[in-house]
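Here is a short tour of one protein chain. Look at the sequence and the model first, then read on.

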Amino acid sequence: MAETPYKEKEYGVGIAGYGFIGKVHAYAYKTIPFYYDDLPAKIKLIGVSAHSEESRKKAIKQAGFEFATSDYMELVKNKSICIINCCLPNNLHYELVKAAILEGKHVYCDKPLAINTEQAENLTNLAENSNVKTQIVFQLRFFPAVIRAKQIIDNGFLGKINFFRFLYLHSSCVKQSSKPYSWKAEFEKVGGGVLVDLGSHIIDLARYLVGEFKSVYAEVRNFTSPDKRTDDLALINAEIVSGATGILEASKIATGTNDEVRFEIYGSEGAVAFNSMEPNWLWAYSMKDPDNPVGGFRGYKKIETVQKYPDATGIPLQKFSIGWIRTHVACLHSFLHSVMYNETPQPSFKDGLAVQKIIEAAYNSARDQTRVEL
Ligand SMILES: NC(=O)c1ccc[n+]([C@@H]2O[C@H](COP(=O)([O-])OP(=O)(O)OC[C@H]3O[C@@H](n4cnc5c(N)ncnc54)[C@H](O)[C@@H]3O)[C@@H](O)[C@H]2O)c1
């Protein structure tokens, strides 16, 4: 394996894929210096890959890459690039990420890690036995409200967690426009359907906030896609190792929704709730608050998490409202911090693998109509 260029003063970046999320990654790189002062080395966007010439031209114009190519392997071979961002369709992650690790590049891979457990396991083993830093993009962990939820759960605020609900709701399949179906409606390219595309995010959040899964019982349905093997609705009942139980719902047929992530976690001493469409607040309820006279102080408290990132020192100030794209910036910053300070990136490829195993168990459960142990 090639030597890892940890100590470079300038980190050259190659972004493979400049569709929707490739642009978001490029935006995050460009804006990080405005938000954070703690990265000692510079970042330079060197190369980008995209299918269409129009996208390649746009990438150079929008983000200032030095070159654009139709062959993402050119990025891996390029000596000036030491960080590869994987923003390709899911079925191409394996080839790119494997080649990048073997070439000694750090890898920032958008979810899911791969299209099946075998591939995810191989990539995780490869990453574990290398000197490079690898992170999977589960950026929902980086909402300040989620960071705060994790803190108060770890501090015992909820007592014993009994049950929970995690939802990721889109309405993109409710009404098909004249737009052709994208690769996201093709089973082979996704490795499934909405369970992979949106479900992976909330499975990660549930593992992060509530704990490891013990078993799943799932139902997946396809109401709209012409590829009958894919799904646009996935319902999972998950049993957690701690004894908690809960529901996860991933849907692209949730009429009236935009991009809505919700969770509610209920414990013996309290509860927390979040909705990404109102991302400035974490709702928290404590059984310890006095409930009289006349209700005392009992009730859900609206905690103002807004942009209270502890490590962000630039603009905007912490009091300003937060949005989805800011979580991508925070997620990428955590990766770059790990690369530059030789820390272990989180969420890791191991997290990506754990999510992939749960997805596979859920598909098996839905197929066999039985509960599947993990
Ligand atoms: N974390 C998130 O919030 C989030 C959101 C959207 C997508 N994603 C993930 O990002 C990845 C990309 O999704 P997207 O929505 O940006 O897709 P997209 O279709 O918008 O973009 C895909 C890019 O890959 C390129 N590409 C496609 N097929 C190729 C091929 N055969 N060879 C070379 N290049 C090819 C396209 O030219 C395009 O630049 C997926 O893994 C998806 O799950 C993550």
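This is a predicted model: local features need pLDDT of at least 70, side-chain atom pairs count only at pLDDT 80 or more; totals for chains, interfaces and linings use all residues.

Residues are numbered from 1 along each chain as its sequence is written, and side-chain values use heavy atoms, with hydrogens and water left out.

Domain 1 puts 21 residues into the contact, and domain 2 puts in 23 residues. Contact here means heavy atoms within 4.5 Å.

About 1900 Å² is buried between domain 1 and domain 2, and carbon and sulfur atoms give 54% of that area. Buried area is the accessible area (1.4 Å probe) that two parts lose on being put together, summed over both. Nine residue pairs are in polar contact between the domains, both residues being at pLDDT 80 or more. On the side of domain 1 that touches domain 2, helix 1 (20-35) and helix 5 (117-128) each give two or more residues. Helix 5 gives the most, with three residues. Helices (H or I, at least four residues) and strands (E, at least two) are DSSP runs, numbered from the N terminus. A polar contact is a pair of N or O atoms within 3.5 Å; within protein, one must be able to donate a hydrogen and the other to accept it, and residues adjacent in sequence count only if both atoms are side-chain atoms.

A UniProt record, from an unreviewed entry, places "domain: Gfo/Idh/MocA-like oxidoreductase N-terminal" at residues 13-135. UniProt positions are given in the numbering used here, feature names are shortened, and annotations may be inferred rather than shown by experiment. In the model, residues 13-135 are 44% helix and 21% strand. The end C-alpha atoms of this stretch are 15 Å apart.

## Salt bridges

Side chains of opposite charge can pair when their charged atoms come close. A salt bridge is a side-chain nitrogen of Lys or Arg within 4 Å of a carboxyl oxygen of Asp or Glu. By this rule the model has 20 salt bridges. Two salt bridges are counted between domain 1 and domain 2. The table gives some of the pairs.

| Salt bridge | N to O distance |
|---|---|
| Lys111 and Asp197 | 3.0 Å |
| Lys350 and Glu128 | 3.7 Å |
| Lys357 and Glu121 | 3.8 Å |
| Asp368 and Arg367 | 2.8 Å |

Take the pair of Lys111 and Asp197. Lys111 sits in the loop between strand 5 (106-110) and helix 5, and Asp197 sits in helix 8 (residues 194-197), 86 residues apart. Lys111 is buried at 12% relative accessibility. Asp197 is buried too, at 9%. Buried means under 20% relative accessible area, exposed over 50%, and partly exposed in between (1.4 Å probe, protein chains only).

Next come Lys350 and Glu128. Lys350 lies in helix 11 and Glu128 in helix 5, so this pair ties together parts that are 222 residues apart in sequence. Glu128 is partly exposed at 49%.

A network of salt bridges links Arg141, Asp204, Arg207, Glu212 and Asp351.

Most residues other than glycine have a negative phi, and most peptide bonds are trans. The bond from Lys111 to Pro112 is cis, with omega near -10°. Another cis peptide bond joins Gln346 and Pro347, with omega about -5°.

Gln346 lies in the loop between helix 10 (324-341) and helix 11 (349-368). Gln346 is partly exposed, at 43% relative accessibility. Not counting residues up to four places away in sequence, Gln346 touches Gln135, Arg141, Phe142, Ser334 and Asp351.

Which way does phi of Val294 point, positive or negative? Phi of Val294 is positive, near 50°. Val294 is in the loop between strand 13 and strand 14 (301-304), and Val294 is exposed at 86%. Phi of Val306 is also positive, near 20°. Val306 is in the loop between strand 14 and helix 10, and Val306 is buried at 9%.
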